[in-house]
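Open the model in your viewer and keep the selection tool ready. We will go stop by stop.

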Amino acid sequence: MNIVSPSILSADFANLQKEILKTENFGAKWCHIDVMDGHFVPNITIGAPVVKSLKNAVKAKLDVHLMIENPLKYIPDFISAGSDIITFHIEASKGSASECIKLIKDAGKLAGISIKPGTPVNDIKEYLSLLDMVLVMTVEPGFSGQKFMPDAAKKIKEIKSLASDKLIIQVDGGINADTAKICADYGANCFVAGNYVYKNPDMENAIKSLLAV
Ligand code: DX5
Ligand code: ZN
């Protein structure tokens, strides 16, 4: 069964708990939290205190996507806050990727690395056997509601051919039932969706369509 991780970036922040509980009721088991620092990406969102508040407010696994410079410095805060899955960007880790993975794994959390659309799979090849998840970005990170980039998704095939069957392959950016199907055919099994879930008049159908691809 696929994992669906609705991105709260498209949710109503004034009613965050209610919004996430709705997605849980329709079958979403993860909750995707986009952390942006205004440096690695040109946007600022939320930080560890919000993760901490959500920890006891929802049942979904807290799937934290760090779009920040110097992830090594901030990973401990996100561990203490109660993140279940922590993903950082290889482009931001500047030689500290192994240390980042070790910190996350030693805390008993799932570790993920993300690559931007222009980053080759070769840049993360040496870490694949240490990771629980790879996040393939199918838009430039920074904003929700962008258009899916089909060429970026093709990297899923390459990752699938290199990694063990246990590796979770997550996609993020412009995901809906159609683009998720393209990614699933390449080997992805975990779908992040912001607008498609939270701005959808039929949220139940949106989540179920992603579970079913
Ligand atoms: C973008 C974020 C995404 C974003 C996805 O940088 O990483 O998680 O919220 O939004 P949609 O699904 O609307 O493209
Ligand atoms: Zn994300």
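Select helix α1, residues 16-25. Helices here are DSSP runs (H or I, at least four residues), strands likewise (E, at least two), numbered from the N terminus. Show the side chains of Leu16, Glu19, Ile20, Thr23 and Glu24: they are buried. Buried means under 20% relative accessible area, exposed over 50%, and partly exposed in between (1.4 Å probe, protein chains only). Why do they sit on the same side of α1? They do so because they cover an arc of only 145° around the axis, taken from the directions from the helix axis to the C-beta atoms. In general, an α-helix has 3.6 residues a turn, so residues three or four places apart point the same way.

Turn to the other side of α1: Lys18 and Asn25 are exposed there. Now go past the end of the helix to Gly27, which follows α1 and has a positive phi, near 110°.

A word on the source: this is a predicted model, where local features need pLDDT of at least 70, side-chain atom pairs count only at pLDDT 80 or more, and totals for chains, interfaces and linings use all residues. Residues are numbered from 1 along each chain as its sequence is written, chains are lettered from A and ligands numbered from 1 in the order in which they are written, and side-chain values use heavy atoms, with hydrogens and water left out.

What covers the buried residues of α1? Select β1 (3-6), β2 (30-36), α2 (48-55), α9 (195-198) and α10, which are among the covering elements.

Stay on α10 and pick Met203, which lies in this helix. Met203 counts as buried because its relative accessibility is 7%. Leaving aside neighbours within four places in sequence, Met203 is in contact (heavy atoms within 4.5 Å) with Lys22, Thr23, Phe26, Val197 and Tyr198.

Next, select Ile8. With neighbours within four places again left aside, its contacts include Phe13, Leu16, Ile20, His32 and Tyr198.

Move on to His32. His32 is buried, and Asp34 is too. Now show the zinc ion (ligand 2): His32 (NE2), Asp34 (OD), His65 (ND1) and Asp172 (OD) coordinate it at 2.1 to 2.3 Å. Donors are N, O and S atoms within 2.8 Å of the metal (3.2 Å for Na, K and Ca); water is not among the atoms, so sites may look incomplete. The site has 6 donor atoms, with angles of 70 to 168°, and is octahedral: six donors, opposite ones over 155 degrees apart and all others between 65 and 115.

How values were computed: Tetrahedral: all angles 85-135°; square planar, octahedral: opposite > 155°, others 65-115°.
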